[in-house]
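Hello,

Here is the structure I promised to pass on. Have a look at it first, and my notes follow below.

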Amino acid sequence: MHVWPLAMVLYLLLMLKLKSRWRFTVLVVLLWGVYCGITLLTPQGPSLEKYHISTLTLSLLIVSVSLPYLICWLFAVSGWLHLRAFTQKQPPGAERDGFVKISHGLFALVASLVVPTLVGAVYVYISHDSTSPGWNIFKNYMGIFFPLLGFLFMFMGSSQIVSQITPRVTRLAKATTVFFPVALFSVFYLFMIFANPTRQASLDPSVQPTYFLPDSMIIGTIILPVIATWSLGLLFVLNLEHYSHYSKSINRPALVSFYNGIIIIVAITILTQVLASLGNGRLASLNLGAILGILYVLLGLLAFGFGLVASGVRKLQTPASKTEPG
């Protein structure tokens, strides 16, 4: 009985064959329905006791948090499909190859929304235990891997595109728009992690450790990949911004909308990692209203970011105006 949702999804994948935009949309909605259904079917006894709310109220709250996920997923998939269609219409060359890599990166960002959320819901539903060290380590790595892969591909693609442009991106621009803000956020991020007394272990059985890892592993497999993700995302934005000023073939307003959406996504990635560094003990001390407020704001901004990406990429197929400055 536990495997029927996955069996249904696999069956639908085979039937749909993923050939058209509406089929991708249907697939996303079905995956979201599976996620929402599994979450509602998972026992939520500890939450009911902690926040003193009824089962019906908790179910309504779960749905209210799940709906922004659906919006994010739909915007993200729409952006990826439009970008893929745009790249398929480009003539062969370095620019097309660069946009193909950016398309692969955007697909990885789509996976960063869907895969950890769905896998987490299925795991908790089957095991009824979200506190095991192995699962939490895997969950942390999964949340880091997909954004890192996505921004790596996007940076590589944008570097290939901007290599065709003269003049080059200056070192000063990289320092002021990428390395300085990343260094600033990194100092704050490091402080938040190492000020967390339960990052490795917890003496309080009611407070779950954040990482279940020694400091050397936290630095090497958590902190450095996260900071690399921020850097690659901002370098990607800088490259696209530079490309938009000097390319005569691209629709600049569309590209601006695209990279503005990516800026918001990078910002949400930073905020999410900083919040995770607080530790479960400090987050658990917040009341239900504060936790829901944070979730709604983050998901709303994330939906707005992916909405800008989808809107910008959709308009990329419109040729640049002849009157638009190069």
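T229 is buried, at 4% relative accessible area (buried means under 20%, with a 1.4 Å probe and protein chains only). Please keep in mind that this is a predicted model, where local features need pLDDT of at least 70 and side-chain atom pairs count only at pLDDT 80 or more, while totals for chains, interfaces and linings use all residues. Residues are numbered from 1 along each chain as its sequence is written, and side-chain values use heavy atoms, with hydrogens and water left out.

T229 sits in helix α8, residues 215-246 (helices are DSSP runs of H or I, at least four residues, numbered from the N terminus). A polar atom of its side chain lies 2.8 Å from the backbone oxygen of P225. Leaving aside residues up to four places away in sequence, T229 touches P147, L148, F151 and T269 (heavy atoms within 4.5 Å).

α8 also has a kink of about 30° at I223, shortly before the proline P225 (the angle between axes fitted to the seven residues ending there and the seven starting there).

Now for the cavity. T229 is among the residues lining the largest cavity, together with G143, I144, P147, L148, V226, T269 and Q273 (a cavity is a set of points on a 1 Å grid over the protein atoms alone where a 1.4 Å probe fits but cannot get out, and lining residues have an atom within 4 Å of a point). α6 (133-162), α8 and α9 (252-277) each give two or more residues to this lining, and the largest share, 4 residues, comes from α6.

Best wishes

Key:
Buried means under 20% relative accessible area, exposed over 50%, partly exposed in between (1.4 Å probe, protein chains only). A polar contact is a pair of N or O atoms within 3.5 Å; within protein, one must be able to donate a hydrogen and the other to accept it, and residues adjacent in sequence count only if both atoms are side-chain atoms. On a 1 Å grid over the protein atoms alone, a cavity is a set of points where a 1.4 Å probe fits but cannot get out, and a pocket is an open set with protein on both sides within 12 Å along at least five of seven lines; lining residues have an atom within 4 Å of a point.
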